[in-house]
Each structure stands twice: as C-alpha cells, then as structure tokens.
Amino acid sequence: MQLTQRSKQVDRKPMTWLESLYLWNIAKGMAITMSHFFKRKPTIQYPEQTRTFSKVFRGLHVLNRDAEGRENCTACGLCAVACPAEAITMEAAERQPGEENLYREEKYAAKYEINMLRCIFCGLCEEACPKDAIYLSQTFAPANYGRKGFIYKKTDLLIPHPLKDPEAYQKALGEKEARN
Amino acid sequence: MADEIKQEAPKNFKVTIDNITIEVTPGTSILNAARQIGGDVTPPAMCYYSSLKGSGGKCRSCLVEVSAGSAADPRPMPKLVASCRTNVMDGMVIKNMTSDRVKDARAGVVEFLLLNHPLDCPVCDQAGECHLQDLGYEHGKEGTRYEFKRRTFEKEDIGPYIQLHMNRCILCYRCTFVADQITNQRVHGVLDRGDHSEISTYISKAIDNDFSGNMIDVCPVGALTDKTFRFKNRVWFTKPVDAHRDCDKCCGKVTLWNRGDDVLRVTSRKNEWGEVQQFDGKPGWICNECRFDKKHINDWTIEGPTQISRHSVISQGHYLGLQKPKETVAEVMGGRSPKLLMDIHDISDVNTVDLSALPGPATGANFEKKEQQ
C-alpha cells in the first residue's frame with residue numbers, strides 16, 4: 001500500500017560485478033565532499049572570532065547609570081519579585097546629603113546581587129524595572145572555575161561611569177540606546 | 001404630612017446596591033451598607049475611616065449613583081453622591097459597579113488625586129499596600145497626563161518615629177482625626193488653604209504622643225510612614241504574622257512584618273477594608289512602645305500568619321501553610337550532613353546587616369562598616 005506520493009519502489013535486484021566495485025558511488029561521494037572545500041564555512045573559530053548577536057539578545061545584566069553617572073536603581077524590588085528563578089536579592093539604603101551625585105533617587109541599592117547560577121536570562125527583570133536600571137547586555141557570563149564566581153555583586157554589574165570612562169560606558173551599553 | 005412624621009420609622013431600611021438587596025438599620029451610610037454586602041459592591045474609600053468620627057467626604061472616590069432616592073420618593077438623585085456621607089433611605093436603589101457614570105467619575109477623581117501625587121512608588125514604602133496605588137490601577141490610571149510641575153514641599157522632620165512626605169499627601173485629614181480623637185493633644189494639622197494646604201506640625205513641633213504612630217496606619221498613601229521601617233524592605237517580601245503582648249497602654253494585638261525572624265515593622269491589625277480591626281467593640285489602636293520599640297521576636301507571642309487577600313501583592317510570598325521539607329540526607333548518610341559545593345551565605349553580601357536593630361533607615365555607612373569587619 002502506498003502511504004505517500006513520495007515513496008519510491010526499492011530496487012532489490014542483485015548488483016552487477018561493476019556495481020559491486022562501488023567506483024561510481026565513491027566518485028559521487030567524493031565530489032560532494034570536494035565541493036564543500038569551495039563553499040563558505042558555516043563554523044567560526046570561537047573565541048578568536050565571535051558572531052554578532054541579535055539586538056534582542058539577552059546576556060549578562062548591567063546596572064545602568066543616567067547621563068550624569070548616577071545610579072538608576074532605587075531598590076524597589078520589582079526585579080526580584082518578577083524573577084522566576086529567584087536569582088536577585090538586594091538591600092536598600094537611604095541617600096545621605098552629599099551623595100546626590102551618586103544616586104538618582106533618595107533610596108538606592110546598597111547591595112545588589114544576582115546569582116548567575118540561578119538566572120535563566122529571561123529578561124523579566126528588565127521588563128519589570130520602572131527606572132531603566134537593569135538591562136540584559138549582549139555579552140555572556142564568562143566561564144569560571146568556582147561556583148563563587150557566579151554570584152555577581154554590584155561592582156560586577158554596575159556600568160562604567162559615562163563621564164569618567166565614556167569609552168567603557170559606550171562599550172558596555174552595546175547597541176542599546178540610553179533611554180533615560 | 002404631619003401624620004407621616006408621627007408614624008414609626010420602619011425598623012430596618014431595605015436598600016438595593018448593584019441589584020443586591022440588604023436590610024440595614026436606619027442611619028447607616030451607603031458605604032457601610034455596601035460594606036455589609038462586601039466584595040466589589042463596596043465603593044473605595046480614601047478618606048473615610050469607620051473608627052474616626054467625622055472622617056469622610058473629602059476625597060470623593062466613594063461616589064455612587066442613586067437611581068431611586070427612597071420608596072416614598074423614587075426620583076433619582078441628579079448628581080453622584082459621596083456614599084460615606086449619605087445615609088440610606090428605605091427603598092433606596094444604588095448603583096456602584098453597574099453604573100458607567102460612577103466608573104467614569106471615579107476615574108476622574110483618581111486622576112485628580114494623582115495630579116500632585118508623585119509617581120515614586122518604587123521609592124515609597126507604602127507601595128504594595130497603598131490604597132491610592134490600588135485605586136489608580138483599578139481605573140487604569142497608573143500613568144499620568146499631567147505635564148506641569150507638581151506641588152512640592154520642603155522636607156520636614158516631625159519626630160524620630162514618623163516620616164512625613166508632604167508631596168504624597170492627598171489631604172484626607174485622617175491623621176488629624178487620629179491626633180484629635182486618640183491622642184491627648186493635637187500638635188499637627190492642616191495649614192494654609194486650597195492648593196497650598198499641607199499637613200504640618202506648627203513650628204515643627206515633634207509629635208510625641210503615645211498613640212501618634214497610628215497616623216501611619218490610617219494614612220491611605222505613603223505620606224506618613226514608619227521611620228523605623230524606612231527603606232528596610234519592600235512590603236511584599238516581608239511576612240505578616242499576628243502577635244500580641246501584654247501592654248498596659250493599648251490592646252497589644254498587632255501584626256508583625258517579619259523577614260525571617262527579624263521584626264522589621266509592627267502595625268495594628270487591619271480588616272478587609274484596610275482599617276484597624278475592632279476588639280471588644282473598640283478599635284485596636286496600638287501604642288508607640290509596641291509599634292516602634294518592640295522589634296525583637298521574643299517580645300511577642302506569635303499567633304500565626306495574617307490572612308492576606310490573595311489579590312494583594314503581599315500574598316506573593318506564599319507563606320501561608322508553608323511547611324519546611326524534612327531533611328532526609330543526614331538520616332540516610334548516618335548523621336553526616338551533605339557537603340555543599342557552595343554555601344550562598346558565605347559568599348553573599350546580603351543579610352549581613354541586622355536591619356531590625358537599626359533605629360532608622362540604613363545608610364551606606366552601615367554597610368561599609370560591615371565590610372571592614
């Protein structure tokens with residue numbers, strides 16, 4: 001019974017002597033192999049070469065600063081409550097007089113930690129953030145020998161200062177525009 | 001007419017709210033009648049507070065439509081009425097959720113309340129239990145159309161326990177009623193008129209009454225917040241438990257807001273309308289000693305977790321009926337505990353500072369000190 005239109009009748013005739021030498025089939029197979037020598041290589045030499053990510057790629061988290069270099073994060077806890085992996089923890093502190101150039105709002109995150117072992121890079125923290133303080137950049141979390149190295153603290157996450165180190169800031173910002 | 005007046009008033013008034021009929025005693029306000037039915041039928045109340053005499057009639061968020069005034073005079077009332085200040089009549093028919101006029105008017109009221117209210121919920125400690133936040137989201141007014149400069153005030157210190165954010169105030173007057181009716185003397189009030197009016201203590205006199213902390217509980221927004229809880233945690237990450245202690249000043253029945261075993265905040269117990277619960281017919285106000293000074297778990301007798309509506313963000317912690325799983329590894333391994341590849345508590349910087357021991361908000365210095373140790 002024919003199940004599909006594409007089914008072929010299998011030829012079950014015994015091979016002739018010439019066919020049993022496989023000469024023609026070997027030549028055919030080699031031709032396919034050789035043709036790939038002249039085609040574009042689909043692989044790249046990572047890590048010397050890297051691919052460009054799509055604009056919506058979700059990689060390592062960055063804690064953003066505004067144009068004056070003040071931290072955007074107010075430790076509102078919405079990223080932590082949105083996080084399905086419960087990877088984010090934080091502790092807030094009150095901004096003191098004289099710290100206005102460091103933090104944008106009267107409350108700021110004194111401690112901010114992301115457990116990259118738990119993080120699933122879903123980007124819900126970025127979506128939940130009302131202050132554009134956290135976003136997922138276009139780099140990945142580098143490999144590490146110990147588990148300890150995957151607990152990212154505020155110093156690891158904070159974007160470079162836009163006025164003191166504009167080059168590193170632009171690099172960390174990636175393709176995303178500053179929205180504040 | 002004279003005969004009619006002589007007739008005895010019917011024992012109970014029959015009123016219909018959103019097609020639900022209920023019998024209430026004469027003299028009940030529409031809002032309280034609706035609260036007896038409960039659920040979505042109840043209009044929101046930002047300024048009315050059942051335990052405070054004279055409150056209500058200021059915020060206009062409880063507006064309802066009266067489609068039939070009474071059985072004797074079934075004409076509809078021409079304008080929407082404030083349900084907290086309007087008493088029911090026999091045969092009154094009221095529309096709350098079923099009236100488009102009410103919904104429209106209420107959305108407008110919310111927008112007016114939010115005109116000068118800063119949208120700083122990420123910073124505000126009231127977020128998550130804020131009635132104005134709920135009201136705004138219920139009416140789809142979480143954004144703002146207001147393009148002008150908001151009314152701002154100079155920051156004012158009104159004592160070591162209470163933080164006043166005048167910018168957030170919606171002038172509901174609840175806190176002044178608390179000071180008038182519960183504490184011995186009122187040292188704060190509403191100054192100036194109209195757009196300039198503000199809650200203030202005259203000549204910045206500190207509020208040191210024993211029951212002044214209840215102003216925090218009655219404030220529907222984040223204008224009056226607990227300084228001992230300020231910025232310590234978000235409300236929805238804390239675990240509310242009912243507790244009590246023997247207090248000679250107040251009823252001693254409170255809700256503790258815990259993080260682990262740390263008592264971060266103490267408030268009076270709230271009922272489903274966000275108002276302080278009644279105990280033996282009296283509102284369960286708590287004194288400042290219970291609220292601000294007893295921040296240790298051993299000061300209290302724990303009764304059990306507080307029932308929180310599952311629609312509230314506070315219930316996201318799923319602390320109700322929580323049972324710790326039995327540790328079986330040690331049993332199987334003959335008493336040896338499992339070897340951890342990484343103990344998060346050794347590495348994490350969070351939870352190193354005992355926030356409940358701090359008298360006020362944590363500052364950068366608190367955390368730096370810890371790091372140096």
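Q: Which residues of helix α3(B) are buried?
A: In this predicted model, the buried residues of α3(B) are Val102(B), Arg106(B), Val109(B), Val110(B) and Leu113(B).

Q: What makes these buried residues line one face of α3(B)?
A: Look down the axis of α3(B): its buried residues fall within an arc of 100°, so they line one face of the helix.

Q: How do you know that the span of α3(B) agrees with what a helix should have?
A: Set the two values side by side. At 1.5 Å a residue, the 14 residues of α3 (residues 100-113) of chain B should span 20 Å, and the end C-alpha atoms are 20 Å apart, so the two agree.

Q: Why is Arg174(B) called buried?
A: A residue counts as buried if 20 or more other C-beta atoms lie within 10 Å of its own. Arg174(B) has 27 within 10 Å, so it is buried. Its place is in helix α5 (residues 174-181) of chain B.

Q: What does Arg174(B) touch, leaving out residues up to four places away in sequence?
A: Arg174(B) touches Cys47(B), Tyr49(B), Leu52(B), Ser55(B), Val218(B) and Cys219(B). As for Tyr48(B), it is 126 residues from Arg174(B) along the chain, while their C-alpha atoms are separated by 7.7 Å.

Q: Why does Tyr135(A) count as buried?
A: The cut-off is again 20 or more. Tyr135(A) has 21 C-beta neighbours inside 10 Å, so Tyr135(A) counts as buried. You will find Tyr135(A) in strand β4 (residues 134-136) of chain A.

Q: What makes strand β2(A) largely enclosed?
A: In β2 (residues 88-94) of chain A, 6 of the 7 residues are buried, so the rest of the structure largely encloses this strand. β2(A) runs antiparallel to β3 (residues 107-115) of chain A, and 7 bridges join them. Within that pairing, Glu94(A) has Lys107(A) as its bridge partner.

Q: How do you know that β3(B) pairs with β4(B)?
A: Two strands pair if there are at least two bridges between them. β3(B) and β4 (residues 81-82) of chain B have 2 bridges, so they pair, in the antiparallel sense. One of the partners is Ala82(B), which stands with Leu63(B). β3(B) is also joined to β5(B) by 3 bridges, again antiparallel, with Val93(B) as the partner of Ala68(B).

Q: In what order do the 4 strands of the open sheet in chain B lie, and why is one side of β13 and of β16 left without a neighbour?
A: The order is β13-β12-β11-β16, with antiparallel pairing. β13 (262-268) and β16 (301-305) stand at the edges with a single partner strand each, so one side of each has no neighbour in the sheet. From one strand to the next, the twist averages 35°.

Q: How many bridges pair β11(B) with β12(B)?
A: β11 (residues 239-244) and β12 (residues 253-259) of chain B pair over 6 bridges, in the antiparallel sense. Pro240(B) stands opposite Trp257(B) in β12(B).

Q: How many residues of chain B are in contact with chain A, and how do they divide?
A: 19 residues of chain B are in contact with 23 residues of chain A. The side of chain B that touches chain A has 12 nonpolar, 4 polar and 3 charged residues.

Notes
Residues are numbered from 1 along each chain as its sequence is written. Chains are lettered from A and ligands numbered from 1 in the order in which they are written. This is a predicted model: local features need pLDDT of at least 70, side-chain atom pairs count only at pLDDT 80 or more; totals for chains, interfaces and linings use all residues. Axes are lines fitted to C-alpha atoms, for helices over the stretch in contact, and angles run from 0 to 180 degrees between N-to-C directions. The expected span of a helix is 1.5 Å times one less than its number of residues. A residue is buried if 20 or more other C-beta atoms lie within 10 Å of its own, exposed if 12 or fewer, and partly exposed in between; C-beta atoms are placed from the backbone. The arc is that of the directions from the helix axis to the C-beta atoms. Two residues are in contact if their C-beta atoms, placed from the backbone, lie within 7 Å. Ala, Val, Leu, Ile, Met, Phe, Trp, Tyr, Cys and Pro count as nonpolar, Asp, Glu, Lys and Arg as charged, and the others, Gly among them, as polar.
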